[in-house]
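Work through the exercises below with the sequence and the structure at hand. Each task is followed by a solution in steps.

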Amino acid sequence: MHKRLIISLLLFLLALPLAFAAYDSRYFSVKDNTGPYSALPGEEFVVKFTLANRDLLCPYNVTAYFDPCPVGWECEEKLFCYDDDGDYEENLTIKLPSTASPKKYTTYLLLKGDYRTRRGNDRILLTVLTKEQAATVDYTKPIVKDEPVEEAPIEQAVEEVAAEIDAVPEPEPVEEIPELEQPPMPEENKSQLMDDVERLESNKGFMEYVSVVLVVLLVFVAAGAYITFKKEK
């Protein structure tokens, strides 16, 4: 007896998530709308929207309405009921009073009922226009894209660039600065220098004197090296 009770309780607990999941998949929702909208004071306009029904068949139903609905506005609300699930194109009407202030308004297309509903793309944007603003808006005129600009052929573009290059003035030539020439050495100074060199080369006494000085320097260097070597020993 106790075992059967425990098994029944476990099965009930396991079935609860499945029941909640099945219930959670059944709902109504506003899937999309065709706003934003523009209108003049005193006019009425139709709000078109898509109402999604997820497995809530008649007699399950839902009511769609606008919130907020400004004072003086006539905002329609409607009851919907379907024999099959799916997406349905629906609409509601809003009528503006002649005293509506020209400005931008925001309202929401909401759902209410005894069964589950979900929020969706339910924001409605409305601009109440003045007569001057309405005169500048033509709703019947289709939007025309700007005509493409014809591109110039490549040959024409090359010719235009070449003409611009030819029009640029050539730079003026820079005058070359002549190199400074060194003044030639006077002939008399040149001949005197050659004579002095030849005189020194031919002077035997001078050459012997230079030889003696070199020999004396070599002797002193050798003597100094010998004395240093003896001291280190």
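The model is a predicted one.

**Exercise 1.** State which strand holds Val47, and decide whether Val47 is buried or exposed.

Solution. Start with the strand: Val47 lies in E3. Next, take the relative accessibility, which is 0% for Val47. Buried means under 20%, so Val47 counts as buried.

**Exercise 2.** Find what Val47 touches, leaving aside its neighbours within four places in sequence.

Solution. The contacts of Val47 are Tyr37, Phe66, Glu90, Asn91, Leu92, Ile94 and Ile124. A further step concerns Gly35, which is twelve residues from Val47 along the chain. The C-alpha atoms of these two residues are 7.4 Å apart.

**Exercise 3.** Repeat the analysis for Thr50: which strand is Thr50 found in, and is Thr50 buried or exposed?

Solution. Thr50 also belongs to strand E3. Its relative accessible area is 11%. This value is under the 20% cut-off, so Thr50 is buried. Not counting residues up to four places away in sequence, Thr50 touches Ser29, Val30, Lys31, Asp32, Asp87, Tyr88 and Glu89.

**Exercise 4.** Describe the largest nonpolar core.

Solution. The core has 25 residues. Those with the most contacts inside it are Phe45, Phe49, Trp73, Leu96, Leu109 and Leu126. Elements giving two or more residues to this core include E1 (27-33), E3 (44-54), E7 (86-95) and E8 (104-112). The largest share, four residues, comes from E3. Lastly, consider Trp73: beyond four places in sequence, its contacts include Ile94, Leu96, Tyr105, Leu126 and Val128.

Definitions and conventions:
Residues numbered from 1 in each chain as written. Predicted model: local features only at pLDDT ≥ 70, side-chain atom pairs only at ≥ 80, totals over all residues. Heavy atoms only, no water. Core = buried A, V, L, I, M, F, W, Y, C linked by side-chain atoms within 4.5 Å. Buried < 20%, exposed > 50% of the residue type's maximum accessible area, 1.4 Å probe, protein only. Contact = heavy atoms within 4.5 Å.
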